[in-house]
Amino acid sequence: MNIEELRLKLKGSPMLKKTLDWLIMNQRDARPRWYVRLLAPLYQHRGRDSKIYRSVRMDTPPYRRFSLGQKSVIESYSCINNAVGDVIIGDHTRIGLHNTIIGPVTIGSHVNLAQGITVTALNHNFEAPERRIDEQGVSTQQVTISDDIWIGANAVVLPGVTIGNHCVIAAGAVVTKDVPPHSLVAGVPAKIIKQI
């Protein structure tokens, strides 16, 4: 049975899905239980000569994909979360100090993320005013960061954004819309400053 068949089977059995989710995820801490984290090297893909620093918080349950390419690095105090969508990171990519990446996110090769960056494909739903926000669930929109990109410190990349090849995102920018290839963007919300 492949992973997609298993996912379909779990969708058809809500009680089994809820039990399995409880066994894997600590509901209060919103991260995999300690015994699941011990097994992470068996289900995470890490490319040759890649490195994840010890202080990185890897919230990567086994029912979603996590892949780190060859010679890529995730630096200290970052948080990688694939609980609601896959996180795929290419080759020769550096995830800087204290970054947060919440899937589904695909990051290409030769990408440099500076410090304190948030890349999130997750939003909390809030449309129903008669219900608390924490009761309304979440939604996701794929984020794609292509190859050969530099993102400056403290930038934020929001759900649904695609950043084309060979772009620079200025420090502190909040990227709310797609960025075409060969662009320099800056500001809140980020706007194209020039083509590079």
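Student: Which residue in strand 22 is the bridge partner of Val 157?
Tutor: Val 175 is the bridge partner of Val 157. Keep in mind that this is a predicted model.

Student: Okay. How many bridges join strand 19 to strand 22?
Tutor: Two bridges join them. Strand 19 covers residues 156-157, and the two strands run parallel.

Student: What order do the strands take in the open sheet of six?
Tutor: The order is 5-8-11-14-19-22. The pairing in this sheet is parallel.

Student: Which strands are at its edges?
Tutor: Strand 5 (57-59) and strand 22 (174-175) are the edge strands. Each of them pairs on one side only.

Student: In which sense do strand 13 and strand 18 pair?
Tutor: In the parallel sense, over three bridges. Strand 13 is residues 111-113, and strand 18 is residues 149-151.

Student: Which residue in strand 18 stands opposite Asn 112?
Tutor: Trp 150 does.

Student: Let's look at strand 23. Is Ser 183 buried or exposed?
Tutor: Ser 183 counts as buried, because its relative accessibility is 0%, and the cut-off for buried is under 20%. Ser 183 lies in strand 23, which is residues 183-186.

Student: Which side chain does the side chain of Ser 183 join in a polar contact?
Tutor: That of Gln 195, at 3.2 Å.

Student: What else is Ser 183 in contact with, leaving aside neighbours within four places in sequence?
Tutor: Its contacts include His 166, Cys 167 and Val 168. Ile 192, Lys 194 and Ile 196 are also among them.

Student: And Ala 186, how does it count for accessibility?
Tutor: Ala 186 is also found in strand 23. It counts as partly exposed, at 23% relative accessibility.

Student: Which residues does Ala 186 touch, not counting those up to four places away in sequence?
Tutor: Ala 170, Ala 173, Lys 191 and Ile 193.

Student: How far apart in space are Ala 186 and Val 175?
Tutor: 8.3 Å, C-alpha to C-alpha. In sequence, they are eleven residues apart.

Student: Change of topic: the surface. Which residues form the nonpolar patch?
Tutor: Leu 20, Trp 22, Leu 23, Trp 34, Tyr 35, Leu 38, Leu 39 and Leu 42. Together they have about 900 Å² of accessible area.

Student: Which elements give two or more residues to the patch?
Tutor: Helix 2 (14-24) and helix 3 (34-38). Leu 38 has its place in helix 3. Leu 38 is exposed, with a relative accessible area of 60%.

Student: On to the backbone. Which bond joins Gly 103 and Pro 104?
Tutor: A cis peptide bond, with omega about 5°. Pro 104 is in the loop between strand 11 (100-102) and strand 12 (105-107).

Student: What about the peptide bond from Val 188 to Pro 189, cis or trans?
Tutor: Cis, with omega near -10°. Pro 189 is in the loop between strand 23 and strand 24.

Student: What is phi of Asp 49?
Tutor: Near 60°, which is positive in a residue other than glycine. Asp 49 lies in the loop between strand 3 (45-46) and strand 4. Asp 49 is exposed, with a relative accessible area of 52%.

Student: And phi of Tyr 77?
Tutor: Near 65°, a positive value in a residue other than glycine. Tyr 77 lies in the loop between strand 7 (73-74) and strand 8 (79-81). Its relative accessible area is 57%, so Tyr 77 is exposed.

Student: Last one: where is Asn 99?
Tutor: In the loop between strand 10 (94-95) and strand 11. Asn 99 counts as buried, at 0% relative accessibility. A polar atom of its side chain lies 3.1 Å from the backbone oxygen of Gly 96. Asn 99 also touches Tyr 77, among others.

Note on methods: Residues are numbered from 1 along each chain as its sequence is written. This is a predicted model: local features need pLDDT of at least 70, side-chain atom pairs count only at pLDDT 80 or more; totals for chains, interfaces and linings use all residues. Side-chain values use heavy atoms; hydrogens and water are left out. Two strands pair if DSSP finds at least two bridges between them. Helices (H or I, at least four residues) and strands (E, at least two) are DSSP runs, numbered from the N terminus. Patches are made of residues with over 30% relative accessible area and no salt bridge: like charges are joined within 9 Å, nonpolar side chains (Val, Leu, Ile, Met, Phe, Trp, Tyr) within 5 Å. Accessible areas come from the Shrake-Rupley method with a 1.4 Å probe; for residues, only the protein chains shown count as cover. A salt bridge is a side-chain nitrogen of Lys or Arg within 4 Å of a carboxyl oxygen of Asp or Glu. Buried means under 20% relative accessible area, exposed over 50%, partly exposed in between (1.4 Å probe, protein chains only). A polar contact is a pair of N or O atoms within 3.5 Å; within protein, one must be able to donate a hydrogen and the other to accept it, and residues adjacent in sequence count only if both atoms are side-chain atoms. Contact means heavy atoms within 4.5 Å.
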